[in-house]
Amino acid sequence: MLWLALLATPVAAGANAPVLILDDMGRSLGVGAATAAWLVTAFAWAMTVGMPLMATLLRRRGARAALRVGAGLVLGGTVVLVASPWLPLTLVGRAAQAAGAAGLIAVAMSLAGDARRMGVISAGFGMLGASGPLLGERITEAVSWRAALAVSMVALLAVPAVGRHIAKALPTEGSPAVASPAEGRFDTRGAVLLATLATGLILLPTYPLPAIGVAVCAAVLLALHIRRRPDGFVPSAVLRTPVFRTAALLALTLSTSYFVLLFSVPRLIARRADWSTGAVATGQLVALLTGSALALGFAAISARLGRVRVRAVLLTVGTLAATTAAWAHSAPALLAAAGAAVFCATGANATQSMDAASAVPPTQRPTAIGLFTLGYQLGGALGPALATLLVLG
């Protein structure tokens, strides 16, 4: 369980490292903070698109192949990011990092197996995500912002141990350790249409008119394609499952709210309460760690609460967090909103991912987890873009 957490969670620190260093990144690259935020959007976009792709690789070729591809992309992307002097090439390296991390996360989530282990992984996401802003600021001061964005490399320490576990795993039906025995030709068209849909949705806050056109066209074409090929890249059996749909929508909503607040709260506190950057970073760290720890406990008792109560708690707390952030002017209230938001997003990831996976046949579970996580990561892409539009721009 701890090796799986180490494999999946460092990406959260790397993803959130830019929160307090966007100005430093922009100055280094010769652009403004809003333009530098494209490094955040590119990372989230590649995570969003990469999750279903890596889940398909896992299902078709087994967890060992997904582990190797993911580790290779994280390593290669980090090398490009550290060495690149230009923003476009840096964006490529950042996207490769994220796609590789998606593969590592897909492997970890597929091997987790139950809500308790998923709770540990999700809480690890929250805790390392909480430390990401302060860690990014400290590493930037000591070394550089490029080193701060390279912390995802820590996940590679777990690759040998997880690889040995996969090698020893007994092959059973639906096991992520082995490839699916009856896979047809890869559904390239379905993958491209899903990636196009995700891209259109991610760009909605920045380029509303062209983005909505792309998203609508991609959605229509994807729906028609799924009717023609119901067992393709996006299986109709998964989409028709009510439990999966509700779980994915809840994760998307709460994830978007969390990432909006993650990037907005530091600026809101600086404007409304006049705190220093260091004080904001420390306060946000405490708030997010507290919310993540509470989410771990919540995931542990979620089975006793039942699905309806779990969702009611997440929605209620999430609504209170967003309302508080919109109207509060005191720093403690804004930090409490950030803590509540991470509790909801982390709790949703832990509990709803297991609901989504358990609602489909065993052979479709890697795909269900990949599509569910696409929804969660889509929130991770929309959130920073919305924060840029509302607060940073």
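A salt bridge here is a side-chain nitrogen of Lys or Arg within 4 Å of a carboxyl oxygen of Asp or Glu. The model is predicted, so local features need pLDDT of at least 70, side-chain atom pairs count only at pLDDT 80 or more, and totals for chains, interfaces and linings use all residues. Residues are numbered from 1 along each chain as its sequence is written, and side-chain values use heavy atoms, leaving out hydrogens and water.

**Exercise 1. Find what ties Arg 267 to another part of the chain.**

Step 1: Start with the total: the structure holds five salt bridges.

Step 2: Pick out one of them, the bridge between Arg 267 and Asp 23, whose closest N and O atoms are 3.8 Å apart.

Step 3: Now place the partners. Arg 267 sits in helix H14 and Asp 23 in helix H3 (residues 22-29), so this pair ties together parts that are 244 residues apart in sequence. Helices are DSSP runs of H or I with at least four residues, strands are E runs with at least two, and both are numbered from the N terminus.

Step 4: Check how open they are. Arg 267 is partly exposed at a relative accessible area of 25%, and Asp 23 is partly exposed at 38%. (Buried means under 20% relative accessible area, exposed over 50%, and partly exposed in between, with a 1.4 Å probe and protein chains only.)

**Exercise 2. Describe how helices H15 and H17 cross.**

Step 1: The axes of H15 (residues 277-305) and H17 (residues 331-358) come within 7 Å and cross at roughly 35°. (Axes are lines fitted to C-alpha atoms, for helices over the stretch in contact, and angles run from 0 to 180 degrees between N-to-C directions.)

Step 2: Look at who makes the contact: residues including Gly 283, Ala 287 and Gly 291 of H15, and Gly 339, Phe 343 and Gly 347 of H17. Contact means heavy atoms within 4.5 Å.

**Exercise 3. Decide whether Ser 255 is buried or exposed, and list what it touches.**

Step 1: Locate Ser 255 in helix H14 (residues 242-272).

Step 2: Read its relative accessible area: at 0%, Ser 255 is buried.

Step 3: Leave out residues up to four places away in sequence, and Ser 255 touches Ala 345, Tyr 376, Gly 379 and Gly 380.
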